[in-house]
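Visitor: I have a structure to look at and would like to understand how its parts meet. Could you guide me through it, one question at a time?

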Amino acid sequence: GSDVVRNAHHLHAVGKGDPQVYAGKAGTPRFAIGDAVTVRELPVLFYTRTPEYVRGATGEIAAVSYESPAAEDETWDIPDAPPEWFYVVSFKQADLWHGYTGTASDTLRTEIPEHWLTPAV
Amino acid sequence: MSDHSHDHDHDRTVKPMVDEVTDFEVLEIAVRELCIEKGIFTAEEHRRFTEFAEQIGPTPAARLVARAWLDPDFKALALAEPMTASKEVGVDWMEPTGFGTPSDFTAFQILADTPQVHHVIVCALCSCYPRPILGNSPEWYRTPNYRSRLVRYPRQVLSEFGLYLSDDVEVRVQDSNQKHRFMVMPMRPEGTDGWTEDQLTEIVTRDCVIGVALPKPGVTTNVIVDTRRAVHPVGE
């Protein structure tokens, strides 16, 4: 069993943590806190971690989170997947759900990688 | 042989520990033994991870909240550097592998409630949960019911937990769908003046740091969900 190829991730992340191991590898974040962004409608064949309920919706950057390869690449263990910035995006619940029954101030926050976001027009 | 009378004493027959070994258990043993045989992991590593998973629980999270209530500097640290603050209640997010657990990651954030904002967490995609500091997730947290309804009907779901929030409070649902893990820091309730850290820790239940309950003097256990009666109960 010693020739089983594994644990490359462990070896490069040990002592740093994940996603800290990707810090500094995504360049300058495209968005800043307060920016209005719209979630793109990208194809989601086989895998995504961007919830269906936010696609096409416009929200606001609440936090610039960390750098990491997108889950859509990590899930297939793609070795040269480029790290990108992740953001916590805040949405007004009334913008997400038709006939939302809570208040106008209720919100939902979810984390989205940069390639899924575009500046809101 | 064929005249076996079948009158031996069944009560004295050696029995297995369980009535039945399920398909799940058969598969668990098969997968684990194959992994050990192939060198994917060792029996020692399996034991160590099991021991890690068995010693985690919600107490460190409760103590962190209680300490933050008593110490404004610690509260500031908890909100700015939550993993540093976690160490002060005995939780090192880098354990047990040296790079964190493979499924909980090392991007932890604490969401502080205010008089204007109430946070509640969910993982609509699966069951992501801040296990190193909060232990294993409750069964209901993993259900498609909670995951699909909390994002859409948060006030109704919270009311089923007995938590009714007024309309001047923003309900902020946090869906943990990537590497961040979240816990809620509720506000310190009235009627706790002069309480010690231990007393305050006791009322910060697991449900309070998920956000489906508020801490209350005298309440030291999780909420019992107000389950609706079955429309067609079994046996009718």
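Visitor: How much area is buried between chain B and chain A?
Guide: The size of an interface is often given as the accessible area lost when the parts come together. In this predicted model, carbon and sulfur atoms give 48% of that area between chain B and chain A. The buried area itself is about 2,900 Å².

Visitor: How many residues of chain A are in contact with chain B?
Guide: Contact here means heavy atoms within 4.5 Å. On the side of chain B, 33 residues take part, and they are in contact with residues of chain A that number 40.

Visitor: Which residue of chain A meets B:Arg155 in a salt bridge?
Guide: Between chain B and chain A the count is three salt bridges. In one of them, a side-chain nitrogen of B:Arg155 lies 2.8 Å from an oxygen of its partner, and because the limit for a salt bridge is 4 Å, the pair qualifies. The partner is A:Asp106.

Visitor: Which element supplies the largest share of the side of chain B that touches chain A?
Guide: Helix H7 (144–152), helix H8 (154–160) and strand E3 (170–175) of chain B each supply at least two residues of that side. The largest share, six residues, comes from E3(B).

Visitor: Which residue of E3(B) stands opposite A:Thr107?
Guide: Strand E4 of chain A, residues 107–113, is joined to E3(B) by four bridges, and the two strands run parallel. Opposite A:Thr107 in this pairing stands B:Arg172.

Note on methods
Residues numbered from 1 in each chain as written. Chains lettered and ligands numbered in written order. Predicted model: local features only at pLDDT ≥ 70, side-chain atom pairs only at ≥ 80, totals over all residues. Heavy atoms only, no water. Buried area = accessible area lost by both parts, 1.4 Å probe. Pairing = 2+ DSSP bridges.
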